[in-house]
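Subject: Structure for you to look at

Hello,

Here is the structure I said I would pass on. Please open it first and then read the notes below it.

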Amino acid sequence: FSDDYYLFGTMTVTDAILVGLVEETGKALIIIYFINKHKTNKILNGLLIGGAIGAGFAVFESAGYILEFSSDVENEMIHMVFLRGWTAIGGHLVWSAIVGAAIVIAKEEKNFVFNNVIDKRFLFFYFTSVILHAIWDTSFSFEETGIVKYIVLIVIVWTYIFILMKAGLNQVNVLQNKAKESMEKN
């Protein structure tokens, strides 16, 4: 494989940061809409809603890349399909899942409102997703790092996902304990 198969484009760091900001903000607005609409206040639900929206975004983006390569040699299109497939585990789906959890954490029991944007917890996870997205999109000048970069980023993003899943499970445990205490009092 040539380096062209491993890199999704050549972007400067500034370009990559702007793409990360625009795409993560666009997905966050949709996630906020669905979280508020369904009045969810569970971290695990935020992960799920965010992941679903991120997966939908990734499908359309991947279709665009595949269409772009479909006019080229068939072999290149197949490589693009496999590349987009295996790297999906570290891309839009998980970046959006992180943002979804951050939205739920910041809003607590209420609807997410503009003031929640300045919540440190939201900002930390939101900018984590933006930065991971930007690094993902940035082309490095040394060819050997193409696939290694994606593997490292996948490990990093899944570390965040597991941390948020643990927080979500802790939240469920607290709610279960409160329900048990309430039942015992009655």
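How many residues does helix α6 have, and what distance does helix α6 reach from its first C-alpha to its last? Keep in mind that this is a predicted model. Helix α6 covers residues 120-137, which makes 18 residues, and its reach is 25 Å. That is close to the 26 Å expected at 1.5 Å a residue.

At the N-terminal end, α6 is capped by Asp119, which has a side-chain oxygen 2.8 Å from the backbone nitrogen of Arg121. The buried residues of α6 include Phe122, Phe125, Tyr126, Ser129, Val130, His133 and Trp136. As background, residues three or four places apart in an α-helix point the same way, because there are 3.6 residues a turn.

Next, helix α2. Ile35 lies in this helix, which runs over residues 13-37. Ile35 has a relative accessible area of 0%, so it counts as buried, the limit being under 20%. Beyond its neighbours within four places in sequence, Ile35 is in contact with Thr40, Gly46, Ile49, Gly100, Ile103, Val104 and Lys107. Ala101 is 66 residues from Ile35 in sequence, yet their C-alpha atoms are 9.9 Å apart in space.

Last, the surface. Trp86, Ile147, Val148, Ile151, Val152, Val155 and Ile156 form a nonpolar patch there, with about 550 Å² of accessible area together. Helix α7 (residues 145-185) supplies the largest share of the patch, six residues. Ile147 is in helix α7. Ile147 counts as partly exposed because its relative accessibility is 32%, between the 20% and 50% limits.

Regards

Technical notes. Residues are numbered from 1 along each chain as its sequence is written. This is a predicted model: local features need pLDDT of at least 70, side-chain atom pairs count only at pLDDT 80 or more; totals for chains, interfaces and linings use all residues. Side-chain values use heavy atoms; hydrogens and water are left out. Helices (H or I, at least four residues) and strands (E, at least two) are DSSP runs, numbered from the N terminus. Buried means under 20% relative accessible area, exposed over 50%, partly exposed in between (1.4 Å probe, protein chains only). Contact means heavy atoms within 4.5 Å. Patches are made of residues with over 30% relative accessible area and no salt bridge: like charges are joined within 9 Å, nonpolar side chains (Val, Leu, Ile, Met, Phe, Trp, Tyr) within 5 Å. Accessible areas come from the Shrake-Rupley method with a 1.4 Å probe; for residues, only the protein chains shown count as cover. A salt bridge is a side-chain nitrogen of Lys or Arg within 4 Å of a carboxyl oxygen of Asp or Glu. The expected span of a helix is 1.5 Å times one less than its number of residues. A polar contact is a pair of N or O atoms within 3.5 Å; within protein, one must be able to donate a hydrogen and the other to accept it, and residues adjacent in sequence count only if both atoms are side-chain atoms.
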